Amino acid sequence: MSRVLDEKYQALQAYTPGEQPQDMQYVKLNTNENPYPPAPGVAEAVAAEAGRLHLYCDPQAAALRDAIAGLYCVKRENVYAANGSDDILYFAFMAFGGDGVRFPDITYGFYQVFCDLLGARAERIPLKEDFTVDPADYMVPGGMVVLANPNAPTGMALPRESIEGILRANPDRVVLVDEAYVDFGGESCVPLVERYENLLVVQTFSKSRNMAGARLGFAIGQPPLIDDLNRIKFSTNPSDVNRMTQAAGIAALRANDYAMDNCRRIVETRAQTARRLSALGFEVLPSRANFLFARRDQIGGGELYRSLKARGVLVRHFDAPRISDFNRITIGTPGQMDALIDAITAILEEQSHANR
Ligand SMILES: Cc1ncc(COP(=O)(O)O)c(C=O)c1O
């Protein structure tokens with residue numbers, strides 16, 4: 001057969017997800033999963049729905065959207081639910097990115113991929129030297145604004161008032177705030193939704209709600225934006241959030257305290273890990289997410305990544321301009337972080353023996 005992939009996709013560079021190796025058991029600190037299992041009640045809710053798999057799920061995901069709306073003090077019509085937040089981002093780029101999309105040069109890699117896939121103009125705005133976002137950069141005319149807050153892979157966050165400035169400066173543009181990591185210490189923009197018709201806040205159950213494998217994301221915005229997303233969803237796959245995931249999401253929200261307690265534990269482990277890495281000579285960026293972004297003189301990011309992998313510890317390295325010295329380290333259990341610190345200590349000792 002001759003090649004049939006449409007020419008416009010032939011140069012597409014797909015997103016590279018973090019490794020999910022099956023060859024051995026790693027201490028897995030590379031994909032920002034939550035190290036704690038889903039909330040009590042989630043497995044039972046999934047099992048109960050499994051017996052009804054012969055029936056389609058509710059395409060409106062009404063019960064789930066009501067549960068989300070209840071927790072965030074909004075209405076059902078303010079909530080959009082999807083099969084993971086990546087799907088929401090993709091649909092939002094499709095719906096609102098026609099005049100281009102502005103995002104930082106260092107951020108979630110999928111933003112560029114979506115632009116490439118959709119033929120949308122990507123305007124990558126450099127972070128400042130210290131890896132912070134300068135809100136003024138987004139207060140000039142341009143396309144849709146997309147900010148991960150906290151940002152990935154840096155973990156650094158903007159205060160809500162800075163985002164509000166960006167919203168005010170862009171009344172005719174959608175400002176999408178990707179809050180995948182907000183529950184680990186960021187300031188959510190959900191309270192701004194009722195005042196700004198151009199704001200779309202996107203969140204996920206993958207990180208703070210311990211359900212990366214279930215694929216569930218949601219967006220909160222004013223009804224016209226939610227209707228626009230629904231128009232695209234109902235033109236592709238209306239039943240994208242399956243029965244079991246809808247039930248799992250409702251059960252996870254009922255156990256909100258469980259999730260928030262785990263977030264607090266992760267924030268504590270993050271602070272301890274940051275102190276231990278600093279004591280080992282690392283520069284660690286101030287993180288509000290469930291990961292740290294760190295580098296150390298005398299060992300390249302790629303070299304450290306490979307040495308850790310050889311010792312059974314997986315972290316994420318991005319071979320990209322400005323950040324190739326760093327590694328992104330997901331915060332796991334205290335035991336997993338002990339394993340990381342032990343492995344780094346051994347690697348640094350080995351290196352110093354070799355240099356003698
Ligand atoms: C900034 C950011 N947004 C969105 C996502 C996607 O999350 P989901 O699992 O909901 O598709 C990720 C996943 O790592 C992320 O880092």
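Is Arg-173 buried, partly exposed or exposed? Arg-173 is partly exposed, at a relative accessible area of 26%, where buried means under 20% relative accessible area, exposed means over 50%, and partly exposed lies in between (1.4 Å probe, protein chains only). The structure is a predicted model, in which local features need pLDDT of at least 70 and side-chain atom pairs count only at pLDDT 80 or more, while totals for chains, interfaces and linings use all residues. Residues are numbered from 1 along each chain as its sequence is written, and side-chain values use heavy atoms, with hydrogens and water left out.

Arg-173 takes part in a salt bridge with Asp-99, at 3.5 Å from N to O. A salt bridge is defined as a side-chain nitrogen of Lys or Arg within 4 Å of a carboxyl oxygen of Asp or Glu. This pair links distant parts of the chain, 74 residues apart: Asp-99 is in the loop between α3 (85-96) and β3, and Arg-173 is in the loop between α5 (160-169) and β6 (175-178). Helices (H or I, at least four residues) and strands (E, at least two) are DSSP runs, numbered from the N terminus. Asp-99 is also partly exposed, with a relative accessible area of 47%.

The whole structure holds 16 salt bridges. One of them joins the side chains of Lys-233 and Asp-240, at 2.7 Å from N to O. Lys-233 is buried, at 3% relative accessibility, and Asp-240 is buried as well, at 8%. Another salt bridge connects Arg-311 with Glu-350, with the closest N and O atoms 2.9 Å apart. Arg-311 lies in the loop between α9 (301-310) and β11 (313-314) and Glu-350 lies in helix α10 (residues 334-354), so this pair ties together parts that are 39 residues apart in sequence. Arg-311 is partly exposed at 35% relative accessibility, and Glu-350 is partly exposed at 48%.

Strand β3 (residues 101-104) pairs with strand β4 (residues 122-125) in the parallel sense, over four bridges; two strands pair if DSSP finds at least two bridges between them. Within this pairing, Val-101 stands opposite Ala-122 in β4. Together with helix α4 (residues 110-118), β3 and β4 make a right-handed β-α-β unit. A crossover is right-handed if, with the strands pointing away from the viewer, the path from the first strand over the helix to the second runs clockwise.

A backbone N or O atom of Asp-86 lies 3.1 Å from an oxygen atom of the ligand. The side chain of Tyr-181 places a polar atom 2.7 Å from a ligand oxygen atom, and an N or O atom in the side chain of Thr-204 is 2.6 Å from an oxygen atom of the ligand. Taken alone, the ligand exposes 400 Å², of which the protein buries 92%; accessible areas come from the Shrake-Rupley method with a 1.4 Å probe, and for residues only the protein chains shown count as cover.

Key: A polar contact is a pair of N or O atoms within 3.5 Å; within protein, one must be able to donate a hydrogen and the other to accept it, and residues adjacent in sequence count only if both atoms are side-chain atoms.
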